[in-house]
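Thanks for coming, everyone. Let me put the structure up, and then we will walk through it.

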Amino acid sequence: MLVKKICVVVTARPSYSRVKTVLTAIKNHSKLELQLVIAGPALLGRYGNAVEFIEKDGFNIAEKVFMVLEGENPTSMAKTTGLGVMELANVFYRLQPDAVVTIADRFETISTSIAASYQNIPLVHIQGGEVTGNIDEKVRHANTKLADLHMVASEDAKQRVLKMGENPNMVFNTGCPSIDIANEIKNNATLDFDPIEKYGGVGVDINWKKEGYLVVMQHPVTTEYKTARKDVEETLHAIHELNIPTFWFWPNVDAGSDGTSSGIRSFREIHQPKNIHFFKNMEPNDFLKLLVNSKCLVGNSSVGIRECSYLAVPVVNIGTRQNRRERGSNVLDTIYDKNEIIKSVKDRISTSDIVSENIYGDGMSGQKIADILANTDFTFHKTIVY
């Protein structure tokens, strides 16, 4: 029996949770062999090194690709992407996969797509067709046009990919693999660990058990990177004034990350908030347990759009990072203004009728994707069809 070698490239900590169940399904499939490559910020401790969690989950890493240049600005993003193309081209040449999988829309994922497609290796894109705004919007659709096989997360996304001229026989609505983990958590939602005790972090030992807590995850917006520090300061002041115990997660590596990080550090030194504890990263299952037991998620992460809609977690989405993305009734949009953020958080935590919505899948995406990979004839050439 012919076994297909499937190379999956994970470049950031959120990307791992996006495809963890896909990796498991590929690893366990009799017709597939997993070649796992970890690259970019997923290897860097200051952005929440994902490798220790990946290895702990029992995955063997075929290659590690260090490709992030310092700077956290548009120029360093472009150079990181170029270095990624060079390094990943060598990796794919050595591994000789039957197909390469690239994930979603992070800026460096275009490196995976270029390095694979230029070497005539069939490219599989997970989570194409969605709308987000900023540079992620361009990268996602560029990945779609370079890809040969598409695993989209919603019907809305599928229709968008088809409108881009992709072959209907190569576009599958599998749902989002991150919902698979959310489904596990939904059925066993007990917060069975102490976040501070297990993950350490920075800040005071907040009284989250008695009073409940918020979760904040705010990233810079690449097209608005110059205002990153000002934006995060508005959120910091709002959370500080609300005085609700809060677990705050570090930003990703995008342009503007320096501004977001320095804003957090400066605020922490000057105000020494007694209600905020900061973390870099958590295991995917633990993070979702933390979310589902929270009063509200605040910030601009896509987890508020995807997993939180399925888990019925209240969300205050700030700014334009998730612009026009399909979302559930759990989400309330607001702007980077302290008073508006406070008002929105109070609204969300007092709302009692938030329900679970299946916009992004039913919890079986990983297995669906593995089966499609096993049973589809790969190609590396295509023309637009309408």
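Start with two phenylalanines. F249 and F279 are both buried. Keep in mind that this is a predicted model. How are the two rings set against each other, F249 and F279? Their centres are 5.6 Å apart and their planes meet at 35 degrees, so the pair counts as tilted. Now look at where they sit. F249 is in strand 10, residues 246-249. F279 is in strand 11, residues 276-279.

One aromatic cluster takes in W208, Y213, F247, F249, F279 and F287. Across the protein, the count of aromatic pairs comes to 10. Here is another one of them. Y16 and F59 pair edge-to-face. Their ring centres are 6.4 Å apart, with 85 degrees between the planes. What does this pair tie together? Y16 lies in helix 1, residues 13-28, and F59 lies in the loop between helix 2 (51-56) and strand 3 (61-65), so the pair ties together parts that are 43 residues apart in sequence. Y16 is buried, and F59 is buried too.

Let me step back to the whole protein. The protein has 15 helices and 14 strands. The C-alpha trace spans about 60 × 40 × 40 Å along its principal axes. Does the radius of gyration point to a compact globule, or away from one? For 386 residues, a compact globule would come out near 21 Å; the protein has 20 Å, which agrees. Of those 386 residues, 60% are buried.

Contacts next. Take the contacts between residues at least 6 apart in sequence. Of these, 72% join residues at least 24 apart.

Then the surface. The accessible surface is about 15,400 Å². Carbon and sulfur atoms account for 49% of that surface. On charge, there are 43 positive and 46 negative. Their mean positions are 1 Å apart.

First, D286. D286 sits in helix 12, residues 284-292. Its relative accessible area is 6%, so D286 is buried, the cut-off being under 20%. Which residues does D286 touch, leaving aside those up to four places away in sequence? They are F193, K198 and Y199. The C-alpha atoms of D286 and P195 are 8.4 Å apart, while the two residues are 91 apart along the chain.

Second, K64. K64 is in strand 3. With a relative accessible area of 43%, K64 is partly exposed. Leaving out residues up to four places away in sequence, K64 touches I38, L43, V51 and E55. K64 and T11 are 53 residues apart in sequence, and their C-alpha atoms are 10.0 Å apart.

Last stop: the backbone. Most residues other than glycine have a negative phi. Which way does phi go at Q272, positive or negative? Positive, at about 40 degrees, and Q272 is not a glycine. Q272 lies in the loop between helix 11 (257-271) and strand 11. At 51% relative accessibility, Q272 counts as exposed, since the cut-off is over 50%.

R324 also has a positive phi, about 65 degrees, and is not a glycine. Where is R324? R324 is in the loop between strand 13 (315-318) and strand 14 (331-334). R324 has 64% relative accessibility and counts as exposed.

To recap briefly. F249 and F279 are buried.

Definitions and conventions. Residues numbered from 1 in each chain as written. Predicted model: local features only at pLDDT ≥ 70, side-chain atom pairs only at ≥ 80, totals over all residues. Heavy atoms only, no water. Helix = DSSP H or I, 4+ residues; strand = E, 2+ residues; numbered from the N terminus. Rg over C-alpha atoms; globule rule 2.2 N^0.38 Å. Buried < 20%, exposed > 50% of the residue type's maximum accessible area, 1.4 Å probe, protein only. Contact = heavy atoms within 4.5 Å. Areas by Shrake-Rupley, 256 points an atom, 1.4 Å probe, with all protein chains shown as cover. Lys, Arg positive; Asp, Glu negative; His and termini not counted. Charge placed at Lys NZ, Arg CZ, Asp CG, Glu CD. Phe/Tyr/Trp six-rings, centres within 6.5 Å; stacked < 30°, edge-to-face > 60°.
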